[in-house]
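Work through the exercises below with the sequence and the structure in view. Each task is followed by its solution.

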Amino acid sequence: MLVREREWWHDWPSMGYTCAMSQAISQPESIPCGTNSQAVVSVTGLTKRFGERLVVDKISFSIHRGQCVGFLGPNGAGKTTCINMLLGLVEKSAGEIRIFDLEAPRFHREIKARIGVVPQADSLDPDLSVEENLHTYAGYFRIPRRLARVRVEELLHFFALHNRRNEIIEHLSGGQRRRLLLARALINQPELLILDEPTIGLDPQARHLIWERLETLQEQGTTMLLTSHYLDEVSRLSQQVLILDHGHVVVQGEPRQLITDFVGLEVFEVDGTPSELDGLQASFEQCNATLERVGDKLYVYAKEECSRLEKILSGGGSWLRRPANLEDLFIQLTGRSLRET
Amino acid sequence: MNGFSFWTIWLRNGRVWKKHILATLIGNLGQPLLFLVAMGYGLGRDMAPVAGLTYLQFIAPGLVASAVMYSAALETTYGSYTRLTVQKTYEAILMTPLGVADVVLGEIVWGASKGLLAGIIMLLALPLFGVVPSLWVVALLPMLFISGMFFSACGMIMTALAKNYDFFNYFTSLVITPLFLFSGIFFPVESMSPPVKGVLEMLPLTPIVSLARILSYGRFGEPILLKILGSLFATGCAVCLAGYLIRRRLIQ
């Protein structure tokens, strides 16, 4: 089966493999690379108002060919509204959207023919079988019947659904449904894949399978826009992240760089009584680190190697040392308070 | 909208319908057939001829028209609302090259097709009750389709405005049932007093019922052109309004 999959992906339209790779690694501002280097998505000053409420406020960003951009933000930050504006499901109040160098929403029909979308909510046809769902979707893209049959077959194998082809959607597990949503999004061999929480509610096995498939697609040069609250997922898949909050872009860039710049190199999580933590806090202040107290926990974000920290801590107590990650960055930039109260 | 791309939505609905064919047919045809038996046979036996027809003959064409109305209107209310909300079918469709206009047209043409099918089955069933339509009835089929478009579009309008399934009770109780009762299916509109007649003739089902009767028996006494043009105009307006309201609901 593995061999089959690999063969299949050779047929996928190539989009300048090496170019895509070098783009993915480099910064978006880097030297353009051939004609494939233009931004697949370029958004300037995008704004959305629902009545008085400003949901998206002059957002600008671009996604280069072959890149996966992680779209992050607390609930209500404006991520889904933003994506829906790209897809024309929400009308923009102001700003400019260009996808494949075509103006949206004017050329939406042309644009959407080249996009694949994995929506957050399951929108499969519950009355139809796995295979029928894919054929129906192929029909919307006007993919000729014969070609559709070939693609459906390939996608069923790629997502390990071929033994389920005649199953009605109701009988599928959550993981199978998600895989089918992904397969459906790929029926038109999209150049841009928009993934809105693609692994929400799945078990680790199912998530890993989906990640592997997405990585295969990335190797083939598919451009991706990913939103997720699972920051391990975003770290694994994205070369660029963009953090939104209250309708603004808080920060965007290469995740490792952003973590180093805003959080530091590593994090110490220390448990203790308030007086113990007070004492530690005082001694840590000599280090190049930022400190944060949350309840009975002290977080120390070390900006540089600080062996002294460990020495102080080795005296006892319960603590944990780990590399700084995207979640630290996220919390640092958007705060700890709940958004939906 | 792009040519006939809405057709793919029609095909999708057809694919689903094939799986529940029996349930939907019984649901749509049960009522008009029961009325035909109860009113035509039960009540009609002891009644004097109406407009030169036995009562069974008199009500049969109108019941065909009502089968179209029920079938079309129910499809684009309960059916379409399910696709709009629970199943998120429209959302999935809008992520493809298809647009809102395709969705609306696909749904309306689908509802009208189901309506037409219900009408055809009713017509085919009539000889079982001793009612044999004339060959002119073939000319009725396009009009039944137009009427199906109109009631599908009305259903879509309701779907666009609905907050939940209960909302459709207004539609069935305040629109569909009164139309069923007062559009001249069960009594001749012409025999009513002028003001009442005027109102009843403005109801959207009345011209279809009267066309159905004219064409079923090939008895051309009254002008039909105005009825046809009026129905076409009303259908055009309803389709446009449905398109506008569904767009407002789907695109924020």
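**Exercise 1.** Find the bridge partner of A:Asp271 in S14(A).

Solution. The partner of A:Asp271 is A:Ser318. The bridge belongs to a set of six that join strand S11 (residues 266-271) of chain A to S14(A), and these two strands run antiparallel. Strands here are DSSP E runs of at least two residues, and helices are H or I runs of at least four, numbered from the N terminus. Two strands pair if DSSP finds at least two bridges between them.

This is a predicted model, where local features need pLDDT of at least 70 and side-chain atom pairs count only at pLDDT 80 or more, while totals for chains, interfaces and linings use all residues. Residues are numbered from 1 along each chain as its sequence is written, and chains are lettered from A and ligands numbered from 1 in the order in which they are written.

**Exercise 2.** State the strand order of the open sheet of four strands in chain A, and its edges.

Solution. The order is S12-S13-S11-S14, with antiparallel pairing. Strand S12 (289-294) and strand S14 (318-323) of chain A each pair on one side only, so they are the edge strands.

**Exercise 3.** How do H3(B) and H7(B) lie to each other, roughly parallel or roughly antiparallel?

Solution. Helix H3 (residues 55-84) and helix H7 (residues 167-182) of chain B pack at about 170°, with axes 11 Å apart. Axes are lines fitted to C-alpha atoms over the stretch in contact, and angles run from 0 to 180 degrees between N-to-C directions. Angles over 145 degrees count as roughly antiparallel, and those under 35 as roughly parallel. H3(B) and H7(B) are therefore roughly antiparallel.

Methods
Parallel < 35°, antiparallel > 145°, perpendicular 65-115°, else oblique.
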